[in-house]
Amino acid sequence: MERSEVGLKYLPQPDRLECSLPDSHITLITNEGSELTAQVLRRLEAKSRRVVILNLPGIPNPVTNRAVTLSSASDEAVQAAIEAVRGQYGEVGCFIHLHPHFEFRNGNFTQHFPAEREIVKILFFLSKHLQQPLNALGQKQRAGFLTVTRMDGQLGQGRRGNVSVIGGGIAGLVKSLNLEWAPVFCRALDVQPELPAEAIAGQVIAELEDADVSHVEVAFSEEGRKTTSTRPVEVAENREIRTKVTSDSVFLVSGGARGVTATCVVEMAKVFHCKFILLGRSSSGFEVPPYAQGVQDESTLKRLIMEDMKARGEKPNLAAVKKTYGNIVARKEIDDTISKIQAHGGRAIYVQGDVTNPASFQPELRAAVNTLGGVTGIIHGAGRLADKYIQDKTEADFENVLSVKLDGLLALLGSVDIHQLEHLILFSSVAGFYGNVGQTDYAIANEVLSKAAHLFKTNHPNTHVSAINWGAWDSGMVSGELKAQFEAAGVTLVNSEGGAAMLVNELNTAYAGQPQVIIGGTLPAAVSYISEDLRTHRIHRRLRLEDNPFLNHHVIQGKAVLPVVNAVGWMAHTCEKLYPDFRIFRVENTRLFKGIVFDGAQKEEYIVELKEVEKGPEQITFEATVLSQGEKLPTFHYKATVTLVNKKVEREAPRFTPQLSGAYRPTSGAGLYDDGFLFHGPYFQGIEQILDCTESQIVLSCKAPVVPLAEQGQFPVGSVNTFFTDIQYQGMVVWVQKFMEGAKSLPLQTDSAVVYRNVPFGKELFVHVGITEATDFKMEAECTVYDEEGTVYMKTAGATVTVSKQLVW
């Protein structure tokens, strides 16, 4: 079963999409009470946007000009405020939530919880009432929903000890809205609070205009721009677990007597023989009646319940039968869990109570502690669902779902001596990490738990803390219908036995420094909105050498030069970023007009213009151009036709078997980069061997060196590894120098390149270059990238390089 560690990874600064709102629409901003609101307002108005301020209740410095003030955090009050905005100023086409900055003092980490919870609730209902106008506009042009928090500029992972974590749940809301609202641009931004308001405002606008819709949550700090990342790690089977858990350990477990959590604690008892206080809402005084003993079939048991009611003179009704049936099933499950724990050498006591209300279980908890010993660990496994689209959510849904996770955690922590706590295990969910349709409130609650885990670990470093972002289980709250939907979407479910074993594994002290982890599969990814009309996108990039360190590995005559393959990748990957559930399949008619040389005279800004020429649910084709704006006329630099295919569409890779001449003795490729044969620096030095070289072909063994993500700068590798593609062209350059005495060459154009598989860094692949034409001025070839089994990764036709004896490196 997959286990993935959570972290952050580098992101370049956004490219700017040209976009504006219709005259009938406004941008709505929540006023967070500081200079930041004024700075964001100023920048938006400088872009000729009509802006309206929404004053949150109780926030200092309310705005009076072009503003509406919320009366309360209720659903009705939010709806009334949106209707007032619409009536006075126009429809909302873009929304920016500026979240107030909260930090607690003197160890009181719940200091701002009530106020911050109300604001998150307001945002929740703003989402509900903005669903219709934003989605309606998004079907025609860019509509935006952007939230801005100031936890730590690290999305809660920054190891700050005074972060108020409730705002951390906002990212869960936005990620879920991104799945529910395909036509709307959704982004959650977390900024380092110490940054000047002017700098934060600048980043807010940059995120709002970002052309890349593939990233939903972004962190921004003095360290730069980042987003969340996951790194799968292999879990060794049957390895020895080093842990603090002993047979004397006592775990207080919410939701632990039934369902998924019960499965986990039974496995813990099997391995550690430890003790449990199982907290649940089911009645502790209810006993299974004799007629129900041993009966498992639902219909049979309900018939017996009705017969018993009749025998006692009661008139059976559906509600009463259902209630009794539920009580019997619950009691059986509780008894079964306790029996299994004891059979494995553990001990367990069941305590009835509402995890959100400490008073409901304190007396029984104290009695259990007196029997089993002081609590040394907490497992918070309780949860509640109210799955609906955001527009159908109610206040009861929000409060009930959030309360079990948040108030439950506070109640559990308040019921033990946290300084004696060796383990804090929180059952969070991938619904928070990735977002999920219908689970906006559940995603908020689980993201709060994950942020709370980071905070608790920072302030209690000796406690083993883990927020387990579980994938969907094949049992528990996942219904049969939902299970079928997951399977249809290719989502792997967590099986009960494997999940329980993974929990035990998570108690290994080797993981004590990882307060958040993902166990199990992902959830269904976002689906791009495919409009009926063909659109043109103009996307601006400020291109600087210092932002792209890899260019220092591609220097000709002392000047860094943008490789043609990176320019083509720039166009193709920009297409992908507009439709992230599509991938590059074919690039055709690639042309170089005027390369980009960093000689001090290059332009500061370039534009990628993407014209959609064909669009459907399975394939989208663009005419792509890179240009820069001159005083009178634009300068064209590169052109290509890019075709994307839906990631769900499987394209079978062809096979390729090279025919080696047998007349060439393989030689090392290392010397090519040492003797001036090739000018490329280490990041492009991927030819490991020349396997064959004749007048009709050159065959190479290649491996793309690993290029750190930050070094890739504004040209990160997507579904095409442009660094490897450059290595492919190097084979053509080598051939020219071997067979055309005194000549050198550089890439010029390509008729077509078809991508069947991604090329990873560090993997040995082979490149076959078949020469189709060679003159004093150019050489043309067919190139095939394949692995040792003959599977083709990429096939290029009409790859052309210039040939000249005047070229020098």
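The model is predicted. The protein chain has 809 residues, and 58% of them count as buried. Its secondary structure comes to 17 helices and 32 strands. The structure holds 40 salt bridges.

**Overall shape**

- The C-alpha trace of the protein chain spans about 105 × 70 × 50 Å along its principal axes.
- The radius of gyration of the protein chain is 31 Å.
- A compact globule with 809 residues would have a radius of gyration near 28 Å, so the value for the protein chain agrees with that picture.

- Phe 251 sits in strand β11, which covers residues 250-254.
- Phe 251 has 0% relative accessibility, so it counts as buried. The cut-off for buried is under 20%.
- Phe 251 and Leu 421 are 170 residues apart in sequence. In space, their C-alpha atoms are 9.6 Å apart.
- Ile 338 belongs to helix α8.
- Ile 338 also counts as buried, because its relative accessibility is 14% and buried means under 20%.
- Ile 338 and Ile 349 are eleven residues apart along the chain. Their C-alpha atoms are separated by 7.5 Å.

**Salt bridges**

- Side chains of opposite charge can pair when their charged atoms come close.
- Arg 331 and Asp 335 form a salt bridge, with their closest N and O atoms 2.9 Å apart.
- Both Arg 331 and Asp 335 lie in helix α8, residues 318-343. They are four residues apart, which is about one turn of the helix.
- Arg 331 counts as buried at 10% relative accessibility. Asp 335 is partly exposed, with a relative accessible area of 35%.
- Glu 604 forms a salt bridge with Arg 542, and here the closest N and O atoms are 3.5 Å apart.
- Glu 604 has a relative accessible area of 55%, so it is exposed. The cut-off for exposed is over 50%.
- Arg 312 and Asp 308 meet through their side chains in a salt bridge of 2.9 Å, N to O.
- Arg 312 is partly exposed at 48% relative accessibility. Asp 308 is partly exposed as well, at 22%.
- A network of salt bridges links Arg 117, Lys 121, Glu 395, Glu 399 and Asp 407.

- Glu 688, Glu 764, Glu 788 and Glu 789 form a negative surface patch.
- Glu 789 counts as exposed because its relative accessibility is 57%, and exposed means over 50%.

How values were computed: Residues numbered from 1 in each chain as written. Predicted model: local features only at pLDDT ≥ 70, side-chain atom pairs only at ≥ 80, totals over all residues. Heavy atoms only, no water. Patch = residues over 30% accessible without salt bridge, like charges linked within 9 Å, V, L, I, M, F, W, Y side chains within 5 Å. Areas by Shrake-Rupley, 256 points an atom, 1.4 Å probe, with all protein chains shown as cover. Salt bridge = Lys/Arg side-chain N within 4 Å of Asp/Glu carboxyl O. Lys, Arg positive; Asp, Glu negative; His and termini not counted. Charge placed at Lys NZ, Arg CZ, Asp CG, Glu CD. Buried < 20%, exposed > 50% of the residue type's maximum accessible area, 1.4 Å probe, protein only. Helix = DSSP H or I, 4+ residues; strand = E, 2+ residues; numbered from the N terminus. Rg over C-alpha atoms; globule rule 2.2 N^0.38 Å.
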